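This report describes selected features of one protein chain.

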Amino acid sequence: MAFNYNFATLAFLLCFLAPSFAALVQEQPLVLKYHNGILLKGNITVNLIWYGKFTPIQRSIIVDFVNSLNSKGAPLPSTSLWWKTTEKYRGGSSSLSVGHQILHEEYTLGKILKSRHLIALASKTHFAVSSINVVLTAKDVVVDGFCMSRCGTHGSTKSGSGRGTYIWVGNSDLQCPGQCAWPFHQPIYGPQTPPLIAPNGDVGVDGMVINLATLLANTVTNPFNSGYFQGPPTAPLEAVSACTGQFGSGSYPGYPGRVLVDKVTGASFNAYGVNGRKYMLPAMWDPQSSACKTLV
């Protein structure tokens with residue numbers, strides 16, 4: 001079963017609410033129930049399957065992000081500090097590292113993909129409980145439901161090599177940056193406030209980082225539809241998707257909140273990563289406080 005993640009949907013549905021009313025909405029109790037299932041804990045390998053053309057710089061932005069999740073060398077607020085919230089879910093820490101990388105630059109399945117194609121691509125490297133296979137599609141690849149109902153997906157499947165999890169995230173740069181790369185592009189709906197400057201200079205890929213961060217957290221805390229979530233199992237609110245549109249303190253629908261700004265480039269971010277990287281990471285539900293938690 002796959003769970004779709006549309007980063008922008010909730011924020012845009014509520015965009016026309018006054019901030020004071022939105023604050024009242026946020027004060028309602030938020031509880032993600034644990035459904036007694038397996039979580040992904042311990043050492044987890046993240047395999048990356050690149051479908052379509054990505055530049056080496058684009059690939060390095062995402063690889064550095066994954067490697068930043070458990071790195072202790074970055075200044076605070078760090079990407080690893082953001083990821084540390086997942087330790088508060090049952091079972092301890094989840095230590096992620098990049099494993100195999102597979103390049104599919106020749107569009108062997110075409111440029112219009114269905115969900116079955118995503119699973120086929122994810123199957124290019126073995127499934128295992130201790131790994132997550134991530135399919136990343138280039139900006140000129142159209143995926144069924146992309147931009148209409150989802151910015152990415154996570155799910156699980158069984159194969160000859162065992163049961164495992166997968167993620168798909170698309171580059172929305174040419175197709176729907178206002179939906180899947182907000183706040184780095186003006187939103188499709190609601191107040192047309194100026195977009196923030198992307199921290200790595202690439203609206204599409206910086207948007208992919210937001211969506212990948214969301215789906216990695218959702219995957220380790222609800223890998224097989226029996227972990228932490230609220231609502232129906234067919235359309236769950238999960239660790240980060242329950243906190244849509246929040247990046248800094250004072251956020252409300254249509255406003256990402258107060259974040260950090262690079263004094264040289266003017267780019268907005270809220271987390272430092274390895275190799276001097278900066279990222280914008282969404283709020284995550286904290287089981288101890290039963291509230292969405294931002295880094296800044």
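## Disulfides and a buried histidine

The link of Cys 243 and Cys 292 is left-handed, with -85° about the S-S bond. Cys 243 sits in the loop between strand 10 (228-229) and strand 11 (260-261), and Cys 292 in strand 16 (residues 291-293), so this pair ties together parts that are 49 residues apart in sequence. The model is a predicted one. Cys 243 has a relative accessible area of 1% and is buried, whereas Cys 292, at 24%, is partly exposed.

The structure holds three disulfides. If the bonded cysteines are numbered in sequence order, they pair as 1-3, 2-4, 5-6. The table lists the sulfur distances and the torsions about the S-S bond.

| Disulfide | S to S distance | S-S torsion |
|---|---|---|
| Cys 147 to Cys 176 | 2.0 Å | -70° |
| Cys 151 to Cys 180 | 2.1 Å | about -85° |
| Cys 243 to Cys 292 | 2.1 Å | -85° |

The disulfide of Cys 147 and Cys 176 is left-handed. It links distant parts of the chain, 29 residues apart: Cys 147 belongs to the loop between strand 7 (142-143) and strand 8, and Cys 176 to the loop between strand 9 (162-170) and helix 6 (177-180). Cys 147 is buried at 15% relative accessible area, and Cys 176 is buried at 6%.

For Cys 151 and Cys 180, the torsion is about -85°, so this disulfide is left-handed as well. The pair again links distant parts of the chain, with Cys 151 in the loop between strand 7 and strand 8 and Cys 180 in helix 6, 29 residues apart. Both Cys 151 and Cys 180 are buried.

Strand 8 (residues 152-159) contains His 154. Is His 154 buried or exposed? His 154 counts as buried because its relative accessible area is 1%, under the 20% cut-off. Its side chain makes a polar contact with the side chain of Glu 238 at 2.9 Å and another with the side chain of Thr 219 at 3.4 Å.

Helix 7 spans residues 203-221. Over its 19 residues, helix 7 reaches 28 Å from first C-alpha to last, close to the expected 27 Å. Of these 19 residues, 18 are buried, so helix 7 is largely enclosed by the rest of the structure. The N-terminal end of helix 7 is capped by Asp 202, which has a side-chain oxygen 3.2 Å from the backbone nitrogen of Gly 204.

Terms used
Residues numbered from 1 in each chain as written. Predicted model: local features only at pLDDT ≥ 70, side-chain atom pairs only at ≥ 80, totals over all residues. Heavy atoms only, no water. Helix = DSSP H or I, 4+ residues; strand = E, 2+ residues; numbered from the N terminus. Buried < 20%, exposed > 50% of the residue type's maximum accessible area, 1.4 Å probe, protein only. Polar contact = N/O pair within 3.5 Å; in protein donor to acceptor, adjacent residues only side chain to side chain. Expected span 1.5 Å × (residues − 1). Disulfide = S-S within 2.5 Å.
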